[in-house]
Amino acid sequence: MFGRTTKNMLPSEERALPGRATTVLDPEPHLVHGRPITPPFPENMEVAYFGMGCFWGVERIYWQIPGVYTTAAGYQGGFTPNPTYHEVCSGHTGHTEAVLVVYDPDVVPYGMLLKRFWEEHDPTQGMRQGNDRGTQYRSAIYWTTETQRKLAESSKDSYEQGLAAVGKGPVTTEIREAPDFYYAEDYHQQYLAKNPYGYCGLRGTGVSCEVPA
């Protein structure tokens with residue numbers, strides 16, 4: 001029994017599934033770029049993580065941006081080590097679907113990645129994104145540097161004002177230092193490159209976002 005946790009309520013660490021010691025991924029090169037999706041990455045690269053709903057569409061957004069070295073789909077922000085997709089969807093791991101973005105800051109500044117984050121989904125919906133409902137669809141920014149943290153928090157405040165001006169509710173995006181990132185199964189990696197007509201439920205709010213570079 002999973003206890004009283006529901007798919008729209010985060011579990012406690014005590015009630016989370018136990019997980020496993022090894023990854024569920026057998027890593028292959030990025031299908032679009034041909035580059036590795038696991039470290040080590042080139043020294044001049046920086047790493048960012050974003051959760052915007054179903055990670056299939058999110059990963060495609062970011063792999064298309066010039067200056068992004070590689071991307072990967074995974075699970076982040078929960079308690080269960082190396083969870084499976086089925087476990088994450090159960091709501092009993094605490095993870096959200098997240099995307100790893102490895103980028104060259106000399107080509108694409110973090111502010112541009114944030115701009116796409118805010119504009120490409122609705123960050124006011126809590127434990128869902130459109131018709132996708134559950135804790136694994138919550139909005140999240142997981143920062144890896146103090147510069148990223150400051151930009152993420154200031155952009156959230158600024159974007160929230162823009163949303164309020166058109167009658168939207170407060171931003172529910174989780175912003176925190178990056179927790180462990182667990183790679184999703186192989187079939188999720190670059191899913192929309194393998195399945196060009198596959199599902200993508202991302203919908204923005206129509207509100208533009210200006211983020212300093």
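The structure holds zero disulfides, where a disulfide is a pair of cysteine sulfur atoms within 2.5 Å. Keep in mind that this is a predicted model, in which local features need pLDDT of at least 70 and side-chain atom pairs count only at pLDDT 80 or more, while totals for chains, interfaces and linings use all residues. Residues are numbered from 1 along each chain as its sequence is written, and side-chain values use heavy atoms, with hydrogens and water left out.

**Confidence**

- The mean pLDDT of the chain is 95, and 97% of its residues reach 70 or more; pLDDT is the predictor's confidence in each residue, on a scale from 0 to 100.
- Residues 1-5 are another story, with pLDDT below 50. Beyond near neighbours in sequence, that stretch has 11 contacts in the model, a contact being heavy atoms within 4.5 Å.

- Cysteine 54 counts as buried at 9% relative accessibility. Buried means under 20% relative accessible area, exposed means over 50%, and partly exposed is in between (1.4 Å probe, protein chains only).
- Cysteine 209 is in no disulfide either, and its nearest cysteine sulfur, again that of cysteine 200, is 19 Å away. Cysteine 209 is buried too, with a relative accessible area of 2%.

**Aromatic pairs**

- Rings of Phe, Tyr and Trp (its six-membered ring) pair if their centres lie within 6.5 Å; planes under 30 degrees apart count as stacked, over 60 as edge-to-face and the rest as tilted. By this rule there are 12 aromatic pairs.
- One of them joins tyrosine 49 and phenylalanine 181: the ring centres are 5.3 Å apart and the planes sit at 35°, so this pair is tilted. Tyrosine 49 is in strand 1 and phenylalanine 181 in strand 8 (residues 181-183), so the pair ties together parts 132 residues apart in sequence. Helices (H or I, at least four residues) and strands (E, at least two) are DSSP runs, numbered from the N terminus.
- Tryptophan 56 and tyrosine 191 have ring centres 3.7 Å apart and planes at 10°, so they are stacked. Tryptophan 56 lies in helix 1 and tyrosine 191 in helix 5 (residues 191-194), so this pair links parts 135 residues apart in sequence.
- Tryptophan 56 is buried at 14% relative accessibility, and tyrosine 191 is buried at 18%.
- Ring pairs also link Phe50, Tyr62, Tyr103, Tyr110, Phe117, Trp118 and Tyr159 into a cluster.

**Helix 3**

- Helix 3 (residues 110-119) is mostly covered, with seven of its 10 residues buried. Those are Tyr110, Gly111, Leu113, Leu114, Lys115, Phe117 and Trp118.
- What covers these buried residues? The cover includes strand 1 (46-51), helix 1 (55-63), strand 2 (68-76), strand 3 (96-103), strand 6 (140-143) and helix 4 (146-165).

**Isoleucine 175**

- This residue lies in strand 7 (residues 174-177), and at 22% relative accessibility isoleucine 175 counts as partly exposed.
- Isoleucine 175 and alanine 140 are 35 residues apart along the chain, yet their C-alpha atoms are separated by 5.9 Å.
- Leaving out residues up to four places away in sequence, isoleucine 175 touches Ile141, Trp143, Ala152, Glu153 and Lys156.
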